[in-house]
Amino acid sequence: MNPVNYLYLSALLFTIGASGVLIRRNAIVVFMCVELMLNACNLAFVTFSRMHGNLDGQIIAFFTMVVAAAEVVVGLAIIVSLFRSRHSASVDDASLMKL
Amino acid sequence: MSFPLLTATAALPAIGAIATAAVPAARRTAAKWLALLFSLATLVLAGIVLARFEPGGARYQLTESHAWIKDFGVRYELGVDGIGVALLALTALLIPFVILAGWHDADPLETKSSRWRPTQGFFALILMVEAMVILSFEATDVFLFYILFEAMLIPMYFLIGGFGDRAHSGSDENAAAQRSYAAVKFLLYNLAGGLIMLAAVIGLYVVAGTFSLSEIAEARANGSLSMATGTERWLFLGFFFAFAVKAPLWPLHTWLPNAMGEATSPVAVLITAVVDKVGTFAMLRFCLQLFPDASKWATPVILVLALISIVYGALLAVGQRDIKRLIAYASISHFGFIILGIFAMTSQGQSGATLYMVNHGISTAALMLVAGFLITRRGSRLIADYGGVQKVAPVLAGTFLIGGLATLSLPGLSPFVSEFLVLVGTFSAYPAAGIIATTGIVLAALYVLVLYQRTMTGPVKAGVQGMADLKVRELVVVLPLVALLIFLGVYPKPLTEIVNPAVQHTMSDVHKKDPQPEVEAAK
Amino acid sequence: MDNLIALLVAAPLLGAAVLLCGGRRLDRFGHWIGTLLAAASFVVGAVLFADMLGKGADQRALHQYLFSWIPVEGFQADVAFQLDQLSMTFVLLITGVGTLIHIYSIGYMEHDERRRRFFGYLNLFLAAMLLLVIADNYLLLYVGWEGVGLASYLLIGFWQHKPSAATAAKKAFLVNRVGDMGLSIAIMLMFTTFGTFAFGPVLASTGETSEGKLTAIGLMLLLAACGKSAQVPLQSWLGDAMEGPTPVSALIHAATMVTAGVYLIVRSGAIFNAAPDAQLVVVVVGGVTLLFGAIVGCAKDDIKKALAGSTMSQIGYMILAAGLGPIGYVFAIMHLVTHGFFKAGLFLGAGSVMHGMNDEVDMRKFGGLRRYMPVTFITFGLGYLAIIGFPGLSGFFSKDKIIEAAFAKGGTEGWILGAVTLLGAAITAFYMTRVMLLTFFGEKRWQPDAEGHDPHPHESPKSMTIPMIVLAFGSVFAGGFFSIGDRFLNWLEPVTGHSHGDSPVSATTVTAATMVVLVIGVAIAWAMYGRGPVPVVAPRGSLLTRAARRDLLQDDFNHVVLVRGGEHLTRSLVYVDHTLVDGVVNGTAATMGGLSGRLRKLQNGYARSYAVSMFGGTAVVIAATLLMRAV
């Protein structure tokens with residue numbers, strides 16, 4: 001199978017993620033869309049790695065996963081505390097630095 | 001290696017600043033005495049510099065040189081010529097008087113908590129300014145000078161914005177707003193000038209490959225460094241703009257009346273008598289020496305601006321209702337004379353301009369400080385609130401008159417010497433400019449005498465009644481200044497001997513010779 | 001002997017320093033210190049004079065070099081003195097009259113609590129005036145020149161609590177500054193032309209430069225002289241200067257300072273001799289002022305202002321004589337000296353009258369005072385006779401010579417000048433007779449003041465009358481003493497030079513004509529003020545009288561054009577500075593502020609809008625990169 005198709009898939013996933021970030025208000029959904037974008041990138045990296053026959057892309061994919069995991073930890077904590085203080089998970093409600 | 005005298009002269013007030021700032025909050029008086037002590041010690045060091053300086057010797061003396069930022073060829077290079085040493089001495093001389101005059105200006109108000117330490121800050125900042133100004137008169141590295149030129153804005157900003165004149169009309173909030181407006185205006189104006197200069201400094205480095213004044217001057221003299229006409233002009237303009245803001249030259253002057261009006265009188269003296277001198281000094285040292293051809297190219301325009309400054313400043317002084325703003329506009333007029341003398345490019349003009357810087361420092365200090373004493377007593381800066389002071393406080397009125405007479409350049413007082421030299425120097429090169437500038441002496445008499453008449457003479461006004469005459473501390477401030485005005489007016493030779501050789505160097509930098517008299521009179 | 005010259009200045013300068021810095025502990029005897037030091041200066045002057053008389057006419061000039069004052073390359077100003085016959089004449093006049101007036105002031109200022117300071121200022125004046133006449137270069141002369149201006153300022157405004165005095169002082173200084181501007185330009189011109197401004201070299205090399213240059217220098221010197229000597233068009237300050245205490249008016253504004261302009265022109269004779277155009281202007285200024293001052297003097301009811309007009313007019317004579325060139329120099333100085341005597345005496349007399357009349361100055365409220373103040377009457381009367389040129393008295397000799405010299409100018413000019421000087425003599429006789437009649441003759445016209453105090457006029461104390469008597473002696477005999485055997489001419493000729501013009505009319509004719517106009521002037525005055533009672537309130541008078549009372553409207557002109565115009569100018573400039581110059585600055589600041597206000601709106605806190613800008617930015621960057629690669 002032609003690896004270029006994976007790239008198309010990656011682009012599609014990235015676009016879905018990006019539009020989700022822009023359109024959705026729920027912080028959890030936005031967050032998941034960001035994850036989707038990250039994973040789209042991972043897919044692209046791995047694909048390129050396969051196409052060019054060296055392992056750099058795969059290594060970077062691992063890094064990205066680590067970053068994404070760290071981000072989940074911090075991001076979810078922020079979202080939870082935001083929800084606790086504002087009783088809402090909408091990103092638009094959190095437009096000010098202070099409560 | 002010999003003792004780094006010049007570094008010490010600048011370092012001493014800097015150490016004093018740190019020491020003063022570190023004095024505990026409750027020991028306010030100790031901080032004042034400490035600051036005074038350090039300023040006097042600096043004066044002693046400046047005296048030693050003056051004594052060690054040989055008027056006929058090398059151009060730059062007591063030089064020090066150390067590598068600083070190797071990658072850019074920036075060096076810590078110091079040295080003084082006759083012009084620098086005269087201004088250094090002036091600065092060191094004035095600071096003790098400034099400190100003494102501002103003795104109570106930064107006493108904390110009752111309402112503030114006991115941890116509030118304005119007094120320490122006030123005197124520390126003054127010493128900090130002194131350190132930077134002295135070092136800037138000594139710096140012979142363009143980059144080092146630039147840094148000091150900009151850095152001295154910071155303590156000045158806090159001095160203007162943080163310690164305003166307590167005599168103001170209107171509410172406290174209003175006064176605070178005025179003050180912060182003045183401080184910000186001062187800062188932004190000078191920063192704008194400084195940033196343009198920074199561009200020119202970098203440009204100079206690109207062209208010359210070094211920041212060292214002596215190296216560039218040497219390279220220019222022996223022809224190994226030639227600048228394209230356009231480049232030289234742009235660089236000159238960059239430098240000149242910064243200096244013209246600081247000097248200040250019309251039409252870049254509007255920050256000065258605000259700053260001097262809102263600041264306490266000692267700080268106003270610091271601005272006009274000390275810090276502003278860096279601007280005119282730098283024109284002589286950097287503009288003329290680094291860019292002689294461009295200086296000559298720009299001369300006509302600069303002369304016109306200087307003439308406008310002279311007449312315009314004097315006329316505006318006449319129209320002022322606020323004593324301190326009046327003195328500020330008078331200073332603008334005087335800076336016009338200084339710049340006129342510098343760019344007339346004759347020996348008399350440039351020696352006169354240098355002497356003018358020194359004498360204007362002393363005379364403005366005398367006038368402004370006495371005005372400050374007056375304002376503190378009455379609590380108002382408006383001329384209309386005064387009248388008949390002469391009747392209740394004759395010594396105050398007398399010293400005020402002497403300060404005023406010095407400002408209008410009465411013969412016998414030192415400003416006359418410098419003003420006449422500037423006029424003669426200008427007249428011999430540009431007769432028309434000389435004649436226009438001469439009208440300045442009539443206008444100066446007008447604003448000084450109008451001020452004196454309205455404040456000091458006539459029937460005693462209600463708020464003036466019972467005003468105390470000068471106290472001992474105030475007399476200690478004023479009398480030495482008056483004595484100096486008279487001494488340098490009668491016998492300015494010690495000063496001219498120091499300044500003349502330096503001026504000859506500058507004259508040869510710009511390849512100019514004095515115009516010869518038409519008739520060689522039988523001597 | 002040369003080294004004594006500095007003492008002339010040093011003595012009064014010391015007095016000024018001690019008196020002004022000494023504080024209240026000197027109040028009790030400060031006036032004696034001042035008077036003694038003035039007298040000391042006179043003694044030094046007399047010693048030097050005696051020494052000078054012992055030498056031949058050519059070796060009389062003394063010279064003393066003190067130190068180098070302002071040395072900058074070609075510009076070499078020294079503090080050095082020169083005492084020749086011309087300076088000597090002035091030194092004796094200044095210190096002599098000065099000492100007398102110091103003595104007079106002891107009595108006159110007795111009740112003033114600031115008497116010590118008054119004497120300090122007087123001493124300061126003497127020092128500056130002496131410096132002016134013994135300086136050996138124009139720059140040092142300039143120092144004295146402004147110094148006397150300062151002393152004059154301080155003394156006119158001595159009673160500073162009176163706003164009118166403070167204003168008059170300021171006006172005097174300002175008008176003088178305009179003249180000083182002329183002097184500084186003249187010095188600058190000398191420097192660029194001759195490379196020096198010392199009297200010797202400058203005056204010796206006038207032949208080596210163009211007449212145009214010399215004319216310019218001469219006109220600038222004349223401007224200076226006009227300011228100091230109250231000549232048209234800078235005469236307006238002198239009348240107001242009478243606000244000062246009367247001894248000041250006598251010393252500064254009659255006998256010495258106001259004659260400095262004459263000194264300057266005579267001293268610079270070599271320049272004027274080589275610049276006939278400048279000379280012509282000098283003569284015109286002198287002639288115009290001569291008539292101007294006389295006309296103003298006729299209309300004033302204030303005794304001091306009438307005398308001030310007279311001073312102006314008499315100095316006009318001197319300036320006119322000085323403008324005639326070598327024919328007139330000696331006579332200008334001679335008239336200056338005799339005028340110093342009789343005008344100082346007249347002012348002191350006026351002061352004595354005021355002293356006795358509770359400081360009343362309106363002559364219409366005097367009358368018949370000869371019975372109450374006999375000494376004042378006699379000394380004033382002798383001064384009066386001297387000034388109108390009564391035969392045998394001082395003024396007769398000196399004024400007659402000037403009229404002769406004016407005719408001797410030759411041609412139409414000579415006739416015009418002669419006529420002007422004769423007319424002036426007639427008017428002088430008229431207004432002085434008027435002063436005399438109004439003050440000392442007729443019925444008493446004073447009334448009790450508002451509180452019912454009668455002025456009860458009385459004779460002044462001895463300290464005041466003695467100087468008046470001495471000056472009266474001078475007024476009577478000085479002219480004759482100078483003229484007999486041409487003593488004064490022979491004395492000054494080595495310095496100023498002298499030439500006899502060929503007069504179209506003989507000396508006897510001139511004298512006769514002078515007598516005729518004198519009688520006419522006196523007769524008219526008698527007819528107007530001597531025959532009948534004089535109204536206490538001045539009648540409205542003719543158009544000319546009313547104009548003359550207001551100094552021929554010159555002050556009104558100044559007020560409208562200079563004062564008002566200046567006020568408008570400064571006010572509009574303050575506006576321009578605030579709105580235009582500062583407006584540009586504040587406008588720039590406001591624009592920046594507005595711009596950043598707009599930009600701030602982008603930072604709205606919505607994460608999604610930041611995300612849009614990120615995506616948009618990325619898209620733009622990628623597009624740009626692709627585009628660049630495609631190209």
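About 5300 Å² of area is buried between chain B and chain C, and carbon and sulfur atoms give 70% of that area. The model is predicted. Two pairs of chains touch, and chains B and C have the most contacts. Chain A and chain B do not touch; 28 Å separates their nearest C-alpha atoms.

**Interface of chains B and C**

- The contact involves 67 residues of chain B and 57 residues of chain C.
- One salt bridge is found across this interface. The side chains of B:Lys185 and C:Asp582 form a salt bridge, with N to O at 2.7 Å.
- Polar contacts link 19 residue pairs between chain B and chain C, counting pairs with both residues at pLDDT 80 or more.
- On the side of chain B that touches chain C, helix H18 (residues 431-456) of chain B gives the most, with twelve residues.
- That side of chain B holds 38 nonpolar, 23 polar and six charged residues.

**Nonpolar cores**

- The largest nonpolar core has 410 residues. Within this core, B:Phe239, B:Phe243 and B:Phe343 touch the most other members.
- Helix H11 (residues 265-290) of chain B provides the largest share of this core, 17 residues.
- Beyond four places in sequence, B:Phe343 touches several residues, including B:Phe236, B:Phe240, B:Met283, B:Leu288 and B:Tyr430. B:Ser295 and B:Thr299 are also among them.
- A second core is separate and has ten residues. Among them are A:Ala27, A:Val30, A:Cys33 and C:Ala611.

**Salt bridges in chain B**

- Over all chains, the structure holds 19 salt bridges.
- B:Asp81 and B:Arg285 form a salt bridge, with their closest N and O atoms 2.9 Å apart. B:Asp81 sits in the loop between strand S2 (74-80) and helix H3 (82-101) of chain B, and B:Arg285 is in helix H11 of chain B, so the pair ties together parts 204 residues apart in sequence.
- Both ends of this pair are buried: B:Asp81 has a relative accessible area of 4%, and B:Arg285 has 3%.
- B:Arg381 pairs with B:Asp322 in a salt bridge, the closest N and O atoms being 3.0 Å apart. B:Arg381 is in the loop between helix H14 (347-378) and helix H15 (389-392) of chain B, while B:Asp322 is in the loop between helix H12 (292-318) and helix H13 (323-344) of chain B. The two residues are 59 residues apart.
- B:Arg381 and B:Asp322 are both buried.

- C:Asp84 forms a salt bridge with C:Arg267, and their closest N and O atoms are 2.8 Å apart. C:Asp84 lies in the loop between strand S2 (75-83) and helix H3 (85-108) of chain C, and C:Arg267 lies in helix H11 (residues 260-267) of chain C, so the bridge ties together parts 183 residues apart in sequence.
- C:Asp84 counts as buried at 5% relative accessibility. C:Arg267 is buried too, with a relative accessible area of 7%.
- A:Arg25, A:Asp92 and C:Arg608 belong to one network of salt bridges that share partners.

**A buried threonine in chain C**

- C:Thr433 lies in helix H18 (residues 411-440) of chain C.
- C:Thr433 has a relative accessible area of 4%; because this is under 20%, C:Thr433 counts as buried.
- The side chains of C:Thr433 and C:Tyr384 make a polar contact of 2.9 Å.
- Apart from neighbours within four places in sequence, C:Thr433 is in contact with C:Tyr384, C:Val522 and C:Ala525.

How values were computed
Residues numbered from 1 in each chain as written. Chains lettered and ligands numbered in written order. Heavy atoms only, no water. Core = buried A, V, L, I, M, F, W, Y, C linked by side-chain atoms within 4.5 Å. Buried < 20%, exposed > 50% of the residue type's maximum accessible area, 1.4 Å probe, protein only. Helix = DSSP H or I, 4+ residues; strand = E, 2+ residues; numbered from the N terminus. Contact = heavy atoms within 4.5 Å. Buried area = accessible area lost by both parts, 1.4 Å probe. Salt bridge = Lys/Arg side-chain N within 4 Å of Asp/Glu carboxyl O. Polar contact = N/O pair within 3.5 Å; in protein donor to acceptor, adjacent residues only side chain to side chain. Nonpolar A, V, L, I, M, F, W, Y, C, P; charged D, E, K, R; others polar.
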